[in-house]
Amino acid sequence: MIALRELALRRTADRVDTQMQDWRRAAQGGALGQPVWATRDALLACIGPGEGGEAVVRSTARLATQSDLPWHAVFVDAPAQQRVDPAARQQALRALKLAQDLGARTATPTGIGVAQALVRYAREHNLSRLVLGRRQGRRRWPWIWRPSMTERLADLTPDMDMLQVPLPKKAPGRQRAADTPARKPHWPGYAAAVAACALAALLAGALHGVLELTNIVMLFLLSVVGVALLYGRGPATLAALLGVAMFDFFFVPPRMSFNVSDVQYLITFAVMLVVALVIGQLTAGLRAQAHAATEREGRVRGLYQMARELSAALAAEQVAEIGARFLQAELGARSALLVADDANHLRLQPGASAEVDMAVAQWCFDKGEAAGRGTDTLASSAALMLPLKAPMRLRGVLAVLPTQATLLTPDQRQLLDTCASLLAISLERIHYIQVAQSTTVQMESERLRNSLLAAISHDLRTPLAAMVGLADTLALTQPALSGE
């Protein structure tokens, strides 16, 4: 009884928090500038790449359990994180998976800056306490001009509390995990940066007598923009440095030398380098944001197309086909749909492209929890089993077999959950369509039965009434009729 009361109170508090966040969004605009309302406290675990994310998650989960507070865990997929080793990124995704298993709400927001993305997420969800990791020991390169993540967050969040968790020291010489993809080579981008700067120098050399030095600078800046747009941050930095060096060597008098005849050209070099670096960084950041937005837009469009097709499905086989096509297009994953009958027995639908362990699928259906790959339950199974939870009851199990060996990101897991919800609702709609059709057939059968009975009774009533009337007439005849 006490547990049910606590569950009801917690659901009420969550509903109040949701309504309060809706009021905040309606009252104020701009997620980064919204102040945090002093209502119910909530925790945000800030996970970085590499080791230490698990320590932050466990500490935040412990604090949330002790104080009975909701908590979130995020890993910012910023352009700066693109230079992170794939093994470090996989460790961050494992920490997010652990946070989800411990009851956290996980996400991978994007943004040009990590600190700005964290603050935007915290203000959007009204999270008043940030939990960060603190590496033991001094930084190897204590640059004065580059503040730490804690200092940057402190400047952006004067109305929030920050808790630091000590992280273990990095283990030297740790090998890359077997399930982590190797880092892709970056030399094509740097080679393209060198080629772009050389092409700009040749073009400027051909037009040296026509163009002024200021216009030649624009050609090198244009090459930096192109390299940043196509290859990212690192090649753009190399293009900026090469552009300044080539401009000094080939075009500034005395030519074919790094010496300058006028000291004012040093200001030109400095301004050119700064402008090129800034343009390259901004272009690379916008490119990463555009790529992330394009992926999200593609997923939303795929979900919309899937929902539209499911709305016209009239059989479970069609639902299975639509779901398999969507998962193959969006995640490159094979799948299988198992639908429960009236006796709660799972039946594999035609068109399945993934092998299904029926024992794991039946456990997933009986318990109503995810099982299989990537979970803590029956993790040896090759496929991930997701229960199809409809508003009235469980309708079946969705088995997903990803082709990639790495962990699913929170966005991909949320996409799978959304797909499972759509499939469950479609199966329940089809079930009730069949129930409605069966009910309609029964009603029509009953109506036909009543019509037949009425017709038969009418046909029998007329001669019977005539015979009864004739008998009454004979009974009233005087004198009475003899039996002969």
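This is a predicted model: local features need pLDDT of at least 70, side-chain atom pairs count only at pLDDT 80 or more; totals for chains, interfaces and linings use all residues.

Guide: Let us start with Lys97, which is buried, with a relative accessible area of 17%. The partner of Lys97 is Asp101, and the two form a salt bridge whose closest N and O atoms are 2.6 Å apart. Side chains of opposite charge can pair when their charged atoms come close. Both residues belong to helix α3, which covers residues 86-101, and they are four residues apart there, so about one helical turn separates them. Asp101 has a relative accessible area of 36% and is therefore partly exposed. In this pair, then, Lys97 is buried, whereas Asp101 is partly exposed.

The side chains of Glu428 and Arg395 meet in a salt bridge, at 3.3 Å from N to O. This pair links distant parts of the chain, since Glu428 lies in helix α12 (residues 410-475) and Arg395 in strand β10 (residues 394-401), 33 residues apart. Glu428 is buried, with a relative accessible area of 7%, and Arg395 counts as buried at 7% relative accessibility. There is also a network of salt bridges, which links Glu309, Glu321 and Arg325.

Glu295, for instance, has its place in helix α9, residues 264-311, and at 40% relative accessibility it counts as partly exposed. The C-alpha atoms of Glu295 and Glu330 are separated by 9.6 Å, while the two residues are 35 apart along the chain.

Two packed helices are described by the angle between their axes and the distance between the axes. Helix α7 (residues 213-231) and helix α8 (residues 233-250) pack at about 165 degrees, and their axes are 8 Å apart. An angle over 145 degrees counts as roughly antiparallel, and α7 and α8 are therefore roughly antiparallel to each other. Their crossing is right-handed. On the α7 side, the residues taking part include Leu213, Ile216, Val217 and Phe220, and they meet a group in α8 that includes Pro235, Ala236, Met246 and Phe247. The residues of this contact divide into 14 nonpolar, one polar and one charged.

One member of that group deserves a moment of its own. Ala236 lies in helix α8 and is buried, with a relative accessible area of 2%. Leaving aside residues up to four places away in sequence, Ala236 touches Val224, Val227, Ala228 and Gly280. Ala236 and Ala276 are 40 residues apart in sequence, and 8.2 Å separates them in space, C-alpha to C-alpha.

A strand residue gives us another example. Pro387 is found in strand β9, residues 384-389, and is buried, with a relative accessible area of 13%. Its C-alpha atom is 5.9 Å from that of Phe365, 22 residues away along the chain. Among the residues that Pro387 touches, not counting those up to four places away in sequence, are Cys364, Gly368, Leu394 and Ala420.

Finally, step back to the whole chain. There are twelve helices and ten strands in it. Of its 484 residues, 36% are buried, and Lys97, where we began, is one of the buried residues. Of the contacts in the chain with a separation of 6 or more, 67% are between residues 24 or more positions apart.

Technical notes:
Residues are numbered from 1 along each chain as its sequence is written. Side-chain values use heavy atoms; hydrogens and water are left out. Axes are lines fitted to C-alpha atoms, for helices over the stretch in contact, and angles run from 0 to 180 degrees between N-to-C directions. Helices (H or I, at least four residues) and strands (E, at least two) are DSSP runs, numbered from the N terminus. Angles under 35 degrees count as roughly parallel, over 145 as roughly antiparallel, 65 to 115 as roughly perpendicular and the rest as oblique. A crossing is left-handed if the near helix is turned anticlockwise from the far one by less than a right angle, and right-handed if clockwise. Contact means heavy atoms within 4.5 Å. Ala, Val, Leu, Ile, Met, Phe, Trp, Tyr, Cys and Pro count as nonpolar, Asp, Glu, Lys and Arg as charged, and the others, Gly among them, as polar. A salt bridge is a side-chain nitrogen of Lys or Arg within 4 Å of a carboxyl oxygen of Asp or Glu. Buried means under 20% relative accessible area, exposed over 50%, partly exposed in between (1.4 Å probe, protein chains only).
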